[in-house]
There are 4 protein chains.
Amino acid sequence: MLVVMSPGATEEEVQAVIDRIESVGGTAHPSRGAELTLIGAIGDADTELRVSELELGALAGVSKIVPILKPYKLAALESRHGIPSVFDIGGAKIGGDNFALIAGPCTVESRDQLLDTAALVKSCGASMLRGGAYKPRTSPYSFQGLGVEGLKLLAEAREQSGLPIVTELMDARDIEPVLEVADLIQVGARNMQNYGLLTELGRAGRPVLLKRGLSATLEEFVMAAEYILKEGNEQVILCERGIRTFETAYRFTLDLMAVPVLKEMTHLPIVIDPSHAAGRRVLVQPLSLAAAAVGADGIIVEVHPEPEAAICDGPQALRSEEFEQYAQAVDQAAQLAGKASFLQTQARSA
Amino acid sequence: MLVVMSPGATEEEVQAVIDRIESVGGTAHPSRGAELTLIGAIGDADTELRVSELELGALAGVSKIVPILKPYKLAALESRHGIPSVFDIGGAKIGGDNFALIAGPCTVESRDQLLDTAALVKSCGASMLRGGAYKPRTSPYSFQGLGVEGLKLLAEAREQSGLPIVTELMDARDIEPVLEVADLIQVGARNMQNYGLLTELGRAGRPVLLKRGLSATLEEFVMAAEYILKEGNEQVILCERGIRTFETAYRFTLDLMAVPVLKEMTHLPIVIDPSHAAGRRVLVQPLSLAAAAVGADGIIVEVHPEPEAAICDGPQALRSEEFEQYAQAVDQAAQLAGKASFLQTQARSA
Amino acid sequence: MLVVMSPGATEEEVQAVIDRIESVGGTAHPSRGAELTLIGAIGDADTELRVSELELGALAGVSKIVPILKPYKLAALESRHGIPSVFDIGGAKIGGDNFALIAGPCTVESRDQLLDTAALVKSCGASMLRGGAYKPRTSPYSFQGLGVEGLKLLAEAREQSGLPIVTELMDARDIEPVLEVADLIQVGARNMQNYGLLTELGRAGRPVLLKRGLSATLEEFVMAAEYILKEGNEQVILCERGIRTFETAYRFTLDLMAVPVLKEMTHLPIVIDPSHAAGRRVLVQPLSLAAAAVGADGIIVEVHPEPEAAICDGPQALRSEEFEQYAQAVDQAAQLAGKASFLQTQARSA
Amino acid sequence: MLVVMSPGATEEEVQAVIDRIESVGGTAHPSRGAELTLIGAIGDADTELRVSELELGALAGVSKIVPILKPYKLAALESRHGIPSVFDIGGAKIGGDNFALIAGPCTVESRDQLLDTAALVKSCGASMLRGGAYKPRTSPYSFQGLGVEGLKLLAEAREQSGLPIVTELMDARDIEPVLEVADLIQVGARNMQNYGLLTELGRAGRPVLLKRGLSATLEEFVMAAEYILKEGNEQVILCERGIRTFETAYRFTLDLMAVPVLKEMTHLPIVIDPSHAAGRRVLVQPLSLAAAAVGADGIIVEVHPEPEAAICDGPQALRSEEFEQYAQAVDQAAQLAGKASFLQTQARSA
């Protein structure tokens with residue numbers, strides 16, 4: 001951490017900062033210039049944390065505090081010596097050079113809808129099935145998902161298709177039934193900083209797909225993952241799904257720069273959800289190719305056998321008949337970024 | 001709701017939209033122009049909701065959907081015939097021409113810190129005492145609050161000072177002990193769309209102070225309040241505390257325009273929290289005067305007897321010795337915006 | 001400036017950075033910690049500039065560069081030893097404890113419209129008359145202003161009312177006719193970084209009202225003023241008029257926090273334009289009271305004798321009959337923030 | 001255009017709106033619902049413009065105005081019947097299935113630097129050479145480019161390499177010397193709404209590369225192009241280079257969604273500049289692959305023979321030795337999005 005003193009800071013004020021840093025075991029390196037004085041507080045990560053808790057910005061003569069060390073540890077790329085994590089999610093690998101295509105309906109609506117979609121995406125090379133039983137909705141008057149009934153249908157789809165299941169948990173009090181069916185538990189963007197939920201998932205030990213909040217910085221995003229990791233659950237996958245900007249031509253602005261930058265920060269795999277930002281089917285394929293080309297470890301996409309009749313988010317769901325060509329194009333783009341072909345991997349394992 | 005058809009939409013596509021609107025009881029008014037066709041779906045709020053659930057945007061030939069009616073009902077100003085709500089929170093009034101100054105430490109740290117602050121803010125005219133026992137922190141390694149121990153101290157402060165207590169609930173599973181002490185339960189910005197928590201608070205029936213999410217639009221903010229109202233709890237106070245923008249000179253950008261615009265949208269009282277956006281003590285008074293002058297129904301501000309020693313957010317807490325002058329200046333600004341003097345009200349009731 | 005080395009940086013890489021800093025006269029203070037090394041480059045402002053031009057971020061082993069000194073000099077509050085500037089604009093004072101109310105139509109439309117408005121705002125205590133002859137419009141098909149004809153009408157309004165004139169210059173090639181009539185030349189938000197225009201205005205020596213770009217940080221805003229100051233023109237007034245955020249309930253988000261924060265950065269006066277952000281008349285007064293209460297040195301507001309017939313921005317213009325009460329309320333709010341009453345000053349000078 | 005009346009609007013107020021619409025030749029279609037009345041103003045684009053100039057939002061009883069038709073004409077995809085434009089820039093084609101790789105230094109620094117880079121990028125398949133002679137800089141104290149001297153070096157580079165030249169024009173008063181050397185004139189992001197400059201370029205008739213402003217919506221971006229097209233210059237290429245968001249991990253957030261969405265709006269080619277948003281070399285290739293995969297018509301990228309010694313933006317410039325592999329990877333990604341191989345095209349023409 002670096003403490004920048006105000007131009008007119010007195011020698012006593014400088015010394016007071018040094019004293020507080022040393023009081024928690026830090027080492028203070030003051031650098032006195034013609035115009036101002038800097039104080040470097042150098043130490044290991046634990047010391048940096050103790051120093052940051054001192055709230056030095058409240059002391060007289062302090063102009064600003066510049067954090068230097070990353071505030072996360074377990075999620076940091078350095079904690080794995082620069083090696084990206086690879087997870088096995090119910091038989092599907094993700095991370096490193098393994099690319100995962102996760103597909104399915106936004107919401108579980110009916111047995112036919114779910115089983116038909118599962119069979120389709122399986123046959124086209126998807127490695128996991130997505131489907132929501134609990135749906136976070138902006139309006140309390142909108143359809144909130146089938147709940148436990150939806151979870152039962154997902155269990156049936158898993159059995160029939162053999163695909164691992166990805167589904168959302170919105171409330172820590174619903175964790176039991178979700179654990180019975182989910183191979184990968186999704187945390188929605190609105191819950192990225194629902195710390196009770198994150199801690200509960202950390203303890204549950206099941207792999208987690210953590211979506212980035214609409215206005216979360218990458219550092220806050222990784223810190224949210226750290227809440228889960230800290231409880232001993234090592235399997236967290238990050239998911240970028242669009243951020244809030246001034247642009248009104250789309251619902252959210254998909255932030256693909258996040259992929260290579262997160263890969264410098266953390267060893268955790270990174271997945272892109274192109275459906276919600278786009279909001280329209282025609283944008284999904286270009287964004288998916290870009291996501292694969294920029295180096296994402298996977299894509300989570302909405303597919304619906306009959307989008308016109310979808311209860312939720314129909315306009316952005318890919319049609320069944322488009323999905324095979326889509327999966328092939330994504331596979332090629334992922335290979336361009338150095339991934340193994342997931343279609344060949346899938347074929348071999350079949 | 002208005003459906004804008006694509007320039008090349010066929011007559012069949014137009015008819016298909018009309019049919020779907022009528023299928024749920026709506027009335028469709030097509031307007032055919034030289035370049036494109038508009039279809040107005042006119043009806044009452046319930047019909048609008050049913051029409052919006054149709055996902056007409058997924059139909060062929062549809063260019064875009066323009067919502068016309070407000071998606072909230074109970075929170076709407078119209079639901080009270082244009083009359084702002086006035087709530088009585090443990091004896092302190094807020095809303096209409098009643099202005100409330102809510103003050104206290106960010107976090108409950110110790111008995112002395114809390115009781116001293118309570119006595120001070122009471123004597124200077126504050127109408128409620130704030131203090132956090134559960135603290136949402138970006139880092140899992142930071143101090144997370146005293147929890148139940150902090151709630152006990154708040155109970156003692158209430159008894160001693162007579163001030164109603166405002167404290168945060170982060171997790172629906174902690175609601176019991178919070179209900180024992182809180183007169184007004186705060187929901188933090190990160191939890192604005194934690195729907196399980198909102199629903200629980202709706203059922204609990206205790207007044208709620210709902211903070212705006214960092215990137216929540218005003219409409220989403222009011223919709224979050226609607227989740228609470230829908231369960232039968234009528235007492236929700238909205239709190240603007242700064243939004244995320246590109247500006248890096250402050251932690252958050254305090255959005256004071258939200259006050260007059262929310263007052264057009266809803267009958268619920270609106271409070272400003274100037275401390276978190278500012279992050280620095282010297283900005284708190286100017287922002288507070290502006291908040292009162294723009295028409296806010298109250299301010300929630302951090303005060304600490306010894307900010308240099310605060311565990312959390314010390315740099316932004318007002319010092320005890322500044323608080324009396326601060327309260328007087330705020331009182332004058334609020335009167336400029338048409339409020340009654342809260343200092344006189346307080347004096348009369350004492 | 002502070003150079004943060006990467007965790008794995010070698011001693012040679014550290015030395016290479018030190019060598020480059022010293023090659024332009026800087027002094028390098030390395031601080032070696034357990035996890036990483038910081039190098040403080042301490043010196044005066046000129047040295048800091050030379051060091052920043054070195055692009056040290058391109059060197060091997062460098063993680064990031066943290067600027068410490070402010071990149072502006074002439075605009076900095078320190079350059080006037082902490083004393084805010086006071087300017088006399090054609091007899092109207094602004095800055096320090098002088099508050100200026102600048103009012104008039106968005107666009108000069110006709111002789112009657114302009115002269116009537118001028119007489120009105122003068123009689124109600126405004127200290128300058130605004131009116132656009134050149135109008136920046138998003139669409140090339142929209143009305144672009146009366147141009148030279150409008151300038152002539154402004155000259156007549158000045159003569160008749162005695163009010164100093166504020167009008168916009170969009171193109172450096174139009175500076176001659178604008179200099180003939182303008183006491184204060186406005187630079188629009190879209191031109192905040194039109195450096196040719198800024199330099200030309202710096203040389204012209206006439207006071208400038210510089211509007212903040214829609215997504216300009218405060219530092220970039222002050223740097224744009226520095227372009228004008230550097231040419232020898234000391235009279236620049238900053239104007240906040242709303243920034244771009246995700247919020248769609250208003251056209252722009254008025255950033256009132258900018259006022260107290262800019263006052264810490266610069267000695268230049270700061271004015272608020274509430275009309276463009278609001279876009280609606282009913283919001284203008286609350287925002288103006290907040291602007292005065294937060295400490296602004298003035299307000300520039302749109303007034304129109306018949307807003308329904310305005311060519312441009314009618315919905316946001318105050319009506320003539322509202323203006324007197326408006327000016328009185330703003331005067332009170334400004335006094336709350338420590339300004340002298342501009343209505344009394346105006347009355348004394350009349 | 002659609003006019004939404006307030007819930008309490010009277011029949012007279014509705015009629016007043018209808019009258020004004022009809023007064024300029026529009027046709028008004030009122031739809032009266034239980035809760036509110038909508039008035040569709042249907043007509044051709046010219047009528048829509050006349051209606052929009054009426055400022056109907058200022059009328060009593062009007063709640064809001066919803067524009068329906070696009071405000072641009074010449075840039076609209078419909079104006080070319082859905083066929084994307086293809087331009088020939090000094091022999092290099094761009095648009096349709098032609099992908100252009102534009103490469104070179106940020107700033108022209110010296111004869112050797114420029115000629116070496118030109119020879120390199122030519123040999124690796126770039127189709128145009130970029131290089132700045134006039135540089136917009138945030139600080140007035142930074143290097144502002146070699147000016148006319150730089151333009152002379154660009155002329156020499158063009159002669160020697162045969163590559164068309166892309167260079168920036170910042171000030172309309174400098175257009176003469178720039179026209180002597182530039183095949184494609186760049187307008188920087190800060191000047192996107194410098195209407196005098198756009199109009200001048202419209203009249204000059206030389207192809208223009210128009211960069212998106214940091215906070216310009218896509219509609220405003222296309223409207224800025226319309227300023228050029230309106231003067232009779234049909235050759236405008238749009239360039240996305242990163243927008244301002246809350247994220248601080250990068251300098252700008254590259255908005256790749258803009259590519260497929262702009263392609264729905266306009267026939268103009270769209271190019272991506274990955275260098276400025278990234279700010280760091282290591283991010284340039286992933287972002288370039290994503291740009292090509294998402295469907296961009298070209299990339300404009302910074303290459304420098306010795307980035308460590310660059311005067312400007314060294315950390316983000318690709319190294320010479322990386323460029324050949326880079327060009328090949330980009331070529332493959334572009335083919336995935338349906339483009340012809342630019343490397344093969346280049347080889348054939350050589």
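Colleague: Which residue in E3(C) does Pro30(C) stand opposite?

Modeller: The model is predicted, and everything I say refers to that prediction. Strand E2 (27-32) of chain C pairs with strand E3 (residues 37-42) of chain C in the antiparallel sense, over six bridges. Within E3(C), the residue that stands opposite Pro30(C) is Ile39(C).

Colleague: Which strands are at the edges of the sheet in chain C?

Modeller: The sheet is open and antiparallel, and its four strands follow the order E2-E3-E1-E4 (chain C). From one strand to the next the twist averages 20°. An edge strand here pairs on one side only, and the strands that do so are E2 (27-32) and E4 (62-66) of chain C.

Colleague: Turning to chain D, what is the bridge partner of Leu2(D) in E4(D)?

Modeller: Chain D has an open sheet of four strands in the order E2-E3-E1-E4 (chain D), with antiparallel pairing, and its edge strands are E2 (27-32) and E4 (62-66) of chain D. The twist in this sheet averages 20° from one strand to the next. Strand E1 (residues 2-5) of chain D pairs with E4(D) in the antiparallel sense over four bridges. Across that pairing, the bridge partner of Leu2(D) in E4(D) is Val66(D).

Colleague: Which element gives the most to the side of chain A that touches chain C?

Modeller: The contact brings together 23 residues of chain A and 22 residues of chain C. On the side of chain A, strand E1 (2-5), strand E2 (27-32) and strand E3 (37-42) each supply at least two residues. By class, that side of chain A divides into 12 nonpolar, seven polar and four charged residues. The element that gives the most to it, with three residues, is E3(A).

Colleague: Why can the relation of chain A to chain C be called that of a two-fold axis, and which residue of chain A has the C-alpha nearest the axis?

Modeller: Chain A can be laid on chain C by a turn of 180° and a shift of 0.0 Å along the axis, with an RMSD of 0.0 Å, and that is why the relation is that of a two-fold axis. The same surface serves both copies, in that 96% of the contact residues of chain A recur in chain C. In chain A, the C-alpha nearest the axis, 2.1 Å from it, is that of Phe246(A).

Colleague: For the contact of chain B with chain C, which element of chain B gives the most?

Modeller: This contact takes 32 residues from chain B and 31 residues from chain C. The elements that give two or more residues to the side of chain B that touches chain C are helix H8 (258-265), helix H10 (281-293) and helix H11 (320-336) of chain B. That side of chain B is made up of 23 nonpolar, seven polar and two charged residues. The element that gives the most to it, with six residues, is H10(B).

Colleague: Which residue of chain B has the C-alpha nearest the axis that relates chain B to chain C?

Modeller: A rotation of 180° with 0.0 Å of shift along its axis superposes chain B on chain C, and the RMSD is 0.1 Å. Here again the same surface serves both copies, since 97% of the contact residues of chain B recur in chain C. In chain B, the C-alpha nearest the axis, at 2.0 Å from it, is that of Ala290(B).

Colleague: Is the crossing of H3(B) and H4(B) left-handed or right-handed?

Modeller: Helix H3 (residues 111-123) and helix H4 (residues 148-161) of chain B pack at an angle of about 35°, with their axes 10 Å apart. Among the residues that meet are Leu114(B), Leu115(B) and Ala118(B) in H3(B), and Leu153(B) and Ala157(B) in H4(B). By class, the contact has six nonpolar, two polar and two charged residues. The crossing of H3(B) and H4(B) is right-handed.

Colleague: Which helix of chain D do the buried residues of H8(A) pack against?

Modeller: Helix H8 (residues 258-265) of chain A is mostly covered, with seven of its eight residues buried, including Val259(A), Leu262(A), Lys263(A) and Met265(A). Within chain A, the buried residues pack against helix H7 (218-230), strand E12 (236-240) and strand E13 (270-272). The helix of chain D against which they also pack is H10 (281-293).

Methods. Residues numbered from 1 in each chain as written. Chains lettered and ligands numbered in written order. Predicted model: local features only at pLDDT ≥ 70, side-chain atom pairs only at ≥ 80, totals over all residues. Contact = placed C-beta atoms within 7 Å. Nonpolar A, V, L, I, M, F, W, Y, C, P; charged D, E, K, R; others polar. Buried ≥ 20, exposed ≤ 12 C-beta atoms within 10 Å, placed from the backbone. Pairing = 2+ DSSP bridges. Axes fitted to C-alpha atoms, helices over the stretch in contact; angles between N-to-C directions. Least-squares fit on C-alpha atoms with pLDDT ≥ 70 in both. Left-handed = near helix turned anticlockwise from the far one by under 90°.
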